Amino acid sequence: MKYIKIWTVFCAIFTCFLCSVKAQDANRVNINAVINDDKGKPVAGALVSGNNGKTTTYTDQAGRFSITVPANSDVLVNAKGFKIQTLRAGAIAATINLASDSIYLPFGKTDKQDLHGAISVLNPETYIDRDYNLTVEGGMNGRVAGLLGSNNIWGMENALVMIDGVRREFSDITFNEVEQISVLKGVNAVALYGSQAAKGIIFITSKKGEANTRKISIRVNSGIATPRALPNYLNSADYMTLYNEGRRNDGLADLYDATTIQNHRTGNPFRFPSVDYYSSQYLKKFQNATDANAEFSGGTNNARFYSNVGWSNSSTLLNVGEGKNEGDNRLNVRGNVDLKLNDKISSSIYVSAIFSDSRRARGNYWGNAATLLPNRFTPLIPIDLISPNDKPSRGLVDASRNLIDGKYLLGGAQQFLANPIADLYVAGYDKNIRRTFQVTNEINADLNSLLPGLSFHTLFNLDYANSYLQSINNTYAVYSPTWSATSDSLIRLQKFGEDARPGTQNINNTTQRQNLGFSSWLGYDRTVGSAHNISAKLLGFTSSITRDSIYQPTTNSHLGLQAGYNYKHKYWADFSAAYVNSTKLPGGNRTGLSPTVSVGWLLSQESFLANSRTVNHLKLSVSAGILNTDLDIRRNDADINGNNGYYLYENVYTRGTNFVWNDGIQAQSQTTASNYGASPQLSFPRRKELNAGLEGSFFNNFLTVQTTVFRTQMDGLPTQRFSQYPNYFSSFIPYTNYNSNQRTGFDLMLNFEKKVGSVQFNLGAVATYAKSKVTKRDELFPDEYQNRSGKPVDAMFGLVSNGFFMDQNDISSSPRQMFSEVKPGDIKYVDQNGDKVIDGRDEVMIGRFVAPFSYGINFNVGFKNFNLFVLGTGNNGGSGLTNNNYYWVSGDIKYSDVVLNRWTESTKATATYPRLSSQQNNNNFRSSDFWIYKTDRFNLSKVQLTYNLPGSVLGKSFVKDLLVYVSGANLYTMSENRKIMELSIAGTPQFRNYNVGIRAKF
């Protein structure tokens, strides 16, 4: 009886379930629709989900989709770059138009239609597959108007990098992890971040999970890098020949005889060395690099997640000993979770961890390679050349702990106890290990119940990074050989130093960095009567960055206020201000108000343009404001981060050296020395700016334009006004707000897009012209033409050359040059002030370091499943100075090939390089236009060919999307001075990169 009852109940439940299923089937609807963007173009790859995410589909290339869901369920439409739409299944139109997604800005988001002011926005997801980059800087290259380099906005340099609203660094995130990059250029755009943001903001937002979908993406990228150029130094024989010439030019006898020179040209290379440290004997033809990452995302309306795991590895060019083990490794893990706790409160938690290490051989290989003379010594001494009769040398071989490959001892000399090749083989290694952990928490509360449109938000971050150097330090002996006079055999070895391998691992150079920040704000966003849109924010912000080696933390604290209004999304007005505070200033001057305003006008909605076939969208905006900042408060000798910018308002004294009485007797007591005097009135430097912007689209969105014209003045830059005090008072001169710089210019972004049949064309261009000028300087030059005022901030000063001295008569009839004794073949200079003397007073502006005009051009063409991307970048108007030892060759410095066309009696009419000298030549090797070169260039920065496998190939496999690509970066530079700009001296070479990659979505 018991089992009969159970069976009866089970049958009843099963019957009800079947009826329920039939009822649901009866109420299911099939939806066929097209999804377009706000410009009427189809949106491909949009996720359409219903029945609480149990049923999903994606739109095709034409934006079409078909889905069957219960009639009373909600349908979510989710596409990258657009706002999520929730629609009722039974009331969906044949065409669904998506609104553009919000733009992430400081302390909130705004609709793209309401964005105005000097702001540029990148959405990496829209182009990363056709232009893959591992770094954020690479992903921005050539795409942002107004950006000169990775974080130089309008030439102001050192823009603030923020990730998820927190001050961080580019290295804290890879390009794969980025959802959006907003480049905030104008004063109104950055005002809410206070003093720290006065140079602009690169505002990076990491990716987040999407509701009702699960996504897995895996990418692997691998390639090689080849040197663009390597230095070309002369071999031993050529160096010795020319060094003799330099000695003869100085009236000295030759140092090397002809037999010695010939022996170094053709003789035994161990006895007569001619070492080329850039040869294939020590360097590989290329180095390798590989990176891989996996992304996972998904969730529901109440909880969404995104995670990214990435790894990268690269080697170096060195192909000897420990050099083969050199390389960089990095593992990064990111997890972002967005939670809807209830209808009123949501929270987001972002966690990132980075583990990286960089292993290098001890010593300075590249520096030594650029300085050690090729004939100085042989790095390796073959033991088979030791005379059998030289028992003491044989004993040294037997006792050595560093017999390389069983064949060689380490070469050197008493004055050269280090050997770059020996360093690679036996000196050990340094391994720099860095760990970074970052946590960000955002809480958002809807306070509509208190006041419609009101909300409350908090943002907290705790970042911690530490690094240390793990090393194995070995010492080694070097040997100086004595050779037989009659044969290539060693008759004696002299040992310098000792072999020691302690076998201990050393830990030193430990650093720690902590970034702690908190901000909270009240937000108000409300639409009144469907036409009046009101927004406001009231916020407080504080952050502190501490470093273990620096006593004073870098702090920022301020209050912020924003009030905005727009009428029908056609007219905008915004007031944003910060009340900033700085501990770098004296009491009473530590706070200041930074007010900014911005207005905008959407002309394309006016009646005179509303029906235009030419103008689809046209918006004007104007911004102005004053930002108080302490970023430029630093000592004249301080680093760019301003770490020495504290206590400039105080009298600062240091302990000096022992002093000497007038009678010559030195006292044992130390002096107290003054660094600078007190400045109780020291205050904020101020960025004063006016900018105007225009954005628009034309000819049925064939052309889109965004441009900004700006004028920025940095007033009140601290300086010591030496012109106002006598020389003996120099150590007591206080810092005052006096200097001033001005920057003016424009930036421009153009984009052309057209589809012809199966071919999709896209041409984009960005350009920036930023002109700087010194408007005020404390200066007291005897000649007005040397004043820095009125000239570019980055002006380059030096002498103007006037050819070479041809003979002694030429020298006698020319103004006297005071730097050193001159001879025929030395550089002759122009006497600017006519005093018949060439000295420092004859220096004038000879160029500018930073090119005022820079640009980028990207071209993209897609045909069926193929896509070709090309990126070019360039700049014009800048100059460089060839002032390193590769070009400035005097004394016994290593000679490069630039000296081959030197001045001699026989080449005086065609020479391009001054005479050689074995002495220090202060006349030739100094700042002058003789060493100036133009940096005008066009770079073929990137080419990538991508193939996306068609759906017919993938079929119904678990792989939803698969693409492969090949790419090249830094491929070629077109420039008059390409060889100079591609060459790196005493450091790692510049590289061309070639890669292959694959990306799969599941």
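Which residues form one aromatic cluster? In this predicted model, where local features need pLDDT of at least 70, side-chain atom pairs count only at pLDDT 80 or more, and totals for chains, interfaces and linings use all residues, the cluster is made up of Tyr233, Tyr277, Tyr278, Tyr282, Tyr365, Trp366, Tyr886 and Tyr887. Residues are numbered from 1 along each chain as its sequence is written, and side-chain values use heavy atoms, with hydrogens and water left out.

Rings of Phe, Tyr and Trp (its six-membered ring) are paired if their centres lie within 6.5 Å, and planes under 30 degrees apart count as stacked, over 60 as edge-to-face and the rest as tilted. By this rule there are 38 aromatic pairs. One of them is the tilted pair of Phe729 and Phe732, with 5.5 Å centre to centre and 35° between the planes. Accessibility was classed by relative accessible area (buried under 20%, exposed over 50%, partly exposed in between; 1.4 Å probe, protein chains only). Phe729, at 32%, is partly exposed, and so is Phe732, at 35%. Tyr886 is buried at 3%, and Tyr887 is buried at 10%.

Turning to the strands, helices (H or I, at least four residues) and strands (E, at least two) are DSSP runs, numbered from the N terminus, and two strands pair if DSSP finds at least two bridges between them. Strand β16 (residues 287–299) runs antiparallel to β15 (residues 215–227), joined by eleven bridges. Eleven bridges also link β16 to the antiparallel β17 (residues 303–315), and a hairpin of three residues connects β16 with β17. Ala289 of β16 stands opposite Gly223 and has Ser314 as its bridge partner in β17.

A further sheet is open and mixed, with five strands in the order β10-β13-β14-β11-β12. Its edges are β10 (119–122) and β12 (166–167), each with a single partner strand, so one side of each lacks a neighbour in the sheet. Within this sheet, β11 (residues 160–163) and β14 (residues 201–206) pair in the parallel sense over four bridges, with Leu160 opposite Ile201.

Finally, helices α4 (residues 236–249) and α5 (residues 258–266) pack at about 155°, their axes 7 Å apart. Axes are lines fitted to C-alpha atoms, for helices over the stretch in contact, and angles run from 0 to 180 degrees between N-to-C directions. The two helices are therefore roughly antiparallel (over 145 degrees; under 35 is roughly parallel, 65 to 115 roughly perpendicular and the rest oblique).
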